[in-house]
Amino acid sequence: MTATHHNTPDLFALSDLHGPVLRPGDDGYADEVTGFNLAALHTPDVVVGATGADDIVTALRWATATGTPVAVQATGHGANFPIDHGLLINTTRMTDVTIDPDQRLATVAAGAKWRHVLDAAAPHGLAALNGSASDAGVVGYTLGGGLPVLGRTYGYAADLVRSFQVATPDGTLRECDPDHEPELFWALRGGKGNVGVVTSLTFELLRLPTVLGGGIYCPGEHAEALLTTWADWTHQVPEEMCSAFSLLRLPPIPQIPEPLRGGFWARVAVAYTADPTEGERLLAPIRAAAPVAVDTVEEMPYAEVDRIYMEPQDPLPARESCALLRDLTPEAIRTFLSQVGPEAPDCPLLLVEIRHMGGALSRPARLEDAICARDANYLLETVGVLAAPPAAEAIEQATKALHAAMTPYGTGYTMVNIHGTPGDATDRARAWTPEVYNRLRQDKSTYDPSNLLRFGHTVTA
C-alpha cells in the first residue's frame, strides 16, 4: 500500500489495502480524483485507488461501518455530478482484459477502457459493442445499458453481458448471472450503479474484423437538405446501417484537423456491417443531398472505430443531455433547426446529434433488463463545452430551450448514460419507465438500504 499522510483512527481499517488511500492535500490526490469530464470537480474526503476486488470489498466494508457515502470512477467520461464528500473508489488500476477467442468472450476488470478490449480482441478478428469513444470505461457504459456504434445491428452492450462480479455495499462479493442472483443481474443491466460496485464482467464479442465507417461532412448552411434527406433515408436502410446526423460547431484549435477546424458542419456518421460495396451504394443519397466538403467513409479495421465519430481525446468540462424521440417529422426537423441550425448562428453547443435507433435496439432483450429506450426511433444528444461562466450560462439556456421545443416529438424519457447532470428524483426517474424505476427502488432497498451509493444518477429506496 502507498502510505497516506494521515494515521487517523477512521482510516485504520483501510490500512491493509494494496492501493493508495489519500485525503485532500496529499500528493497525488488531485490526479486520483480527476476524470475526463472536468465539469465535475470531485473533492471527496477519502479516495481509494483500488488495485483489485479485495480493495473494493474492504473499502465498502469501511464505508458501511462508518456510514460514509461511496462513489466510483474509472475514466470519468460520465462524471456529471461532483463528489463533494464521502469516499471515492478509483478503479483506473484495474485494467485486466482476458479474451476467450473460441467462446468469443471477454472478461474485463472494473477500470478497463474499451480501447483495452478492442486492442485485445482485434488479433482474433473480434469486436465489441463499444460506444463512439473507445477511451470510455467499459463498466460504467455497460451499467447504463451501453448505446453502441453498431447498436441497430446488434443491440445494447448490456444485451451481451454473460455475468458480473459485484461487491454490494455490505462488503459481499457476489457472482451474478441469469441463474445466480438474477434480480441483481437484472438491475445491473441498465440500472446504472445503484446496487453495487462491479469489479469485473464477462460479455460476448462479435466476429467482425472490419466495418465500413466514417463521416460525410457538408457546410452547416446545408443542414436542412442533409437532415431532411437523412431522416427519409433512415426509414429505408437495413439494420446493418447505423448512423447519426450531427451539427458541429468546432473551435479553431490544433486538435481538430483542417479543413474542419473552426467551422460549422453538418455531418452524417455511418457504420455499416455488411458488404462494403452495398454500403457505398446505400450512401449515394446522403452524398447527393448537399455539397460534400469532407468524406472519410471507408472500410477500416474495427479497432479503428474511433475514426467514425472523432470524439475529443483530451479531458474537457462538458454539459451533456439527451432525449428519446418517437420520430423525425417535417415539423420536428423545422423545430430542431430553428433552435440549433444555420438560423441560430449564436448557438453555443459544440455538438447536437440525432442518432438513428430502431433495429436491434428496439427488440426485447433475450433476458429482461432495465433498459427503457427500446420504443425510441431516434436519440437527441447535446454537448456544450463549459469554457467560462458566460459560456456555461448560454449552454444551459440553449440546452433547455432545445429540449423544451422538442418535447412534443419525444417519448418523455432519456438514457441514463447521456442524461446529463441528474436533478431531483422526478428528473432522475426519466431514465426509466415507472415500472422499472419502482423495481430499481425495491432493489436499492435490498442491496443498499443505507443509500451509500448516492452519487451520480441514483435512485432512492
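Predicted model: local features only at pLDDT ≥ 70, side-chain atom pairs only at ≥ 80, totals over all residues.
Q: Which residues does UniProt list for the FAD-binding PCMH-type domain?
A: Residues 40–208, in an unreviewed entry. UniProt positions follow the numbering used here, feature names are shortened, and annotations may be inferred rather than shown by experiment.

Q: How much helix and strand is in there?
A: Residues 40–208 are 23% helix and 27% strand, with the end C-alpha atoms 36 Å apart. Helices (H or I, at least four residues) and strands (E, at least two) are DSSP runs, numbered from the N terminus.

Q: What order do the strands take in the open sheet?
A: The five strands run E5-E6-E10-E8-E9, with antiparallel pairing. Two strands pair if DSSP finds at least two bridges between them.

Q: Which ones are at the edges?
A: Strand E5 (97–100) and strand E9 (172–176), each pairing on one side only.

Q: How many bridges join E5 to E6?
A: Four, and E6 covers residues 105–109. Val97 has Val108 in E6 as its bridge partner.

Q: Which strands does helix H3 touch?
A: H3 (residues 114–121) packs on the sheet and touches E5, E6 and E10. Contact means heavy atoms within 4.5 Å. The direction of H3 makes about 35° with that of E5. Axes are lines fitted to C-alpha atoms, for helices over the stretch in contact, and angles run from 0 to 180 degrees between N-to-C directions.

Q: And where does H2 lie?
A: Helix H2 (residues 53–66) lies across strand E8 (161–168), E9 and strand E10 (197–204), at about 45° to E8.

Q: Which H2 residues are buried?
A: Ala53, Asp55, Ile56, Val57, Ala59, Leu60, Trp62 and Ala63. Buried means under 20% relative accessible area, exposed over 50%, partly exposed in between (1.4 Å probe, protein chains only).

Q: What covers them?
A: The cover includes strand E2 (46–49), strand E3 (70–73), strand E4 (87–90), E8, E9 and E10.

Q: What comes just after H2?
A: Gly67, with a positive phi of about 70°.

Q: What does Thr335 touch?
A: Ala405, Met406 and Tyr409, leaving out residues up to four places away in sequence.

Key: Residues numbered from 1 in each chain as written. Heavy atoms only, no water.
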